[in-house]
Amino acid sequence: MVVGIINPSVNEKLLEHPVGPQLGFPSLIYLLRLNLTSTLLTWCTSFILGITPLWITFREGFTTGGLFVYRSPLFGFLSLAPHGLIEIPAILLCNAFFLRLGLRWVFERNATERKRTLVVDFKNSLKILLLGGGMFFVAAMIESFATPRIVAPYEQEHLAGIGVRVAVADHQLTVAHVFPGSPASSAGISSGLLIHRIDGVETSSQDVKRCREMLHGRVGTRVRLEVIDTARNQTNSIELVRDLPPL
């Protein structure tokens with residue numbers, strides 16, 4: 001977590017990966033599958049001297065620390081605390097037992113003790129795996145149904161954009177309106193342009209709600225658009241700095 005706070009620029013790369021559904025039962029299924037798959041893979045590979053549990057623990061702390069800087073400490077707390085109070089202990093608990101499973105038997109002096117230790121730790125890890133699965137389910141429920149409603153008021157007030165209104169026309173994300181004095185206006189973006197990519201992600205693979213979310217972020221952060229001018233048959237890449245709407 002400390003590393004993520006010290007070096008937030010690297011966290012932007014970790015936090016910019018495509019995410020799944022943001023709300024409701026689709027989000028619940030997505031998060032539960034993601035967490036359980038990661039936990040099962042960590043458990044299965046923990047025999048390699050515990051390298052995987054250490055890496056997963058480091059990465060989770062790194063990403064969590066960056067969340068407090070990537071937007072703001074308040075946003076990090078609001079978006080993490082509700083489900084994180086259950087999910088983070090579940091990750092640490094599982095990884096601690098998986099690390100024990102991968103390392104403790106190695107230091108036993110004879111084959112009999114190594115076998116006995118491995119069997120005992122394996123049985124304990126199965127129990128922790130079941131406990132962790134239950135904790136991940138509860139955390140995913142909170143993250144899918146409660147966290148978005150807690151974060152929504154903050155996002156509406158603090159998140160910045162580039163000053164455009166977008167809509168879908170002929171299955172293409174289109175600039176419907178550009179607000180005067182906005183970053184988009186200063187960059188020469190005009191109504192009618194097609195937005196093909198946002199930070200390298202094709203807009204055709206995302207719904208319009210998700211595209212709007214991708215255009216918004218912390219004040220001062222950058223977003224790169226690939227826009228198509230159909231009238232001139234030109235494709236341009238434009239980097240914009242997000243800002244709050246002018247008063």
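Mentor: A nonpolar core is a set of buried Ala, Val, Leu, Ile, Met, Phe, Trp, Tyr and Cys residues joined through side-chain atoms within 4.5 Å. Buried means under 20% relative accessible area (exposed is over 50%, partly exposed in between; 1.4 Å probe, protein chains only). This is a predicted model: local features need pLDDT of at least 70, side-chain atom pairs count only at pLDDT 80 or more, and totals for chains, interfaces and linings use all residues. Residues are numbered from 1 along each chain as its sequence is written, and side-chain values use heavy atoms, without hydrogens or water.

Trainee: Which residues touch the most other members of the largest nonpolar core?

Mentor: Val-164, Ile-189, Ile-195, Ile-198 and Leu-225 do, in a core of 20 residues. Strand 1 (164-169), strand 2 (172-178), strand 3, helix 9 (208-215), strand 5 and strand 6 (234-241) each give two or more residues to this core. Helices (H or I, at least four residues) and strands (E, at least two) are DSSP runs, numbered from the N terminus. A second, separate core has six residues, among them Trp-43 and Leu-129.

Trainee: What is Ile-195 in contact with, leaving aside its neighbours within four places in sequence?

Mentor: Ile-195 is in contact with Val-166, Leu-173, Val-175, Thr-203, Leu-225, Glu-226 and Val-227. Contact means heavy atoms within 4.5 Å.

Trainee: What makes strand 3 and strand 5 a pair?

Mentor: Pairing takes at least two bridges found by DSSP. Strand 3 (residues 194-198) and strand 5 (residues 222-229) have four, in the antiparallel sense. In strand 5, Glu-226 is the bridge partner of Arg-197.

Trainee: Why is helix 5 called roughly antiparallel to helix 6?

Mentor: Axes are lines fitted to C-alpha atoms, for helices over the stretch in contact, with angles from 0 to 180 degrees between N-to-C directions. Under 35 degrees counts as roughly parallel, over 145 as roughly antiparallel, 65 to 115 as roughly perpendicular, the rest as oblique. The axes of helix 5 (residues 73-103) and helix 6 (residues 111-145) come within 9 Å and cross at roughly 165°. Therefore helix 5 is roughly antiparallel to helix 6.

Trainee: What is the angle between helix 3 and helix 6?

Mentor: Helix 3 (residues 24-45) and helix 6 cross at roughly 155°, with axes within 9 Å. That makes this pair roughly antiparallel too. The contact includes Trp-43 of helix 3 and Leu-129 of helix 6.
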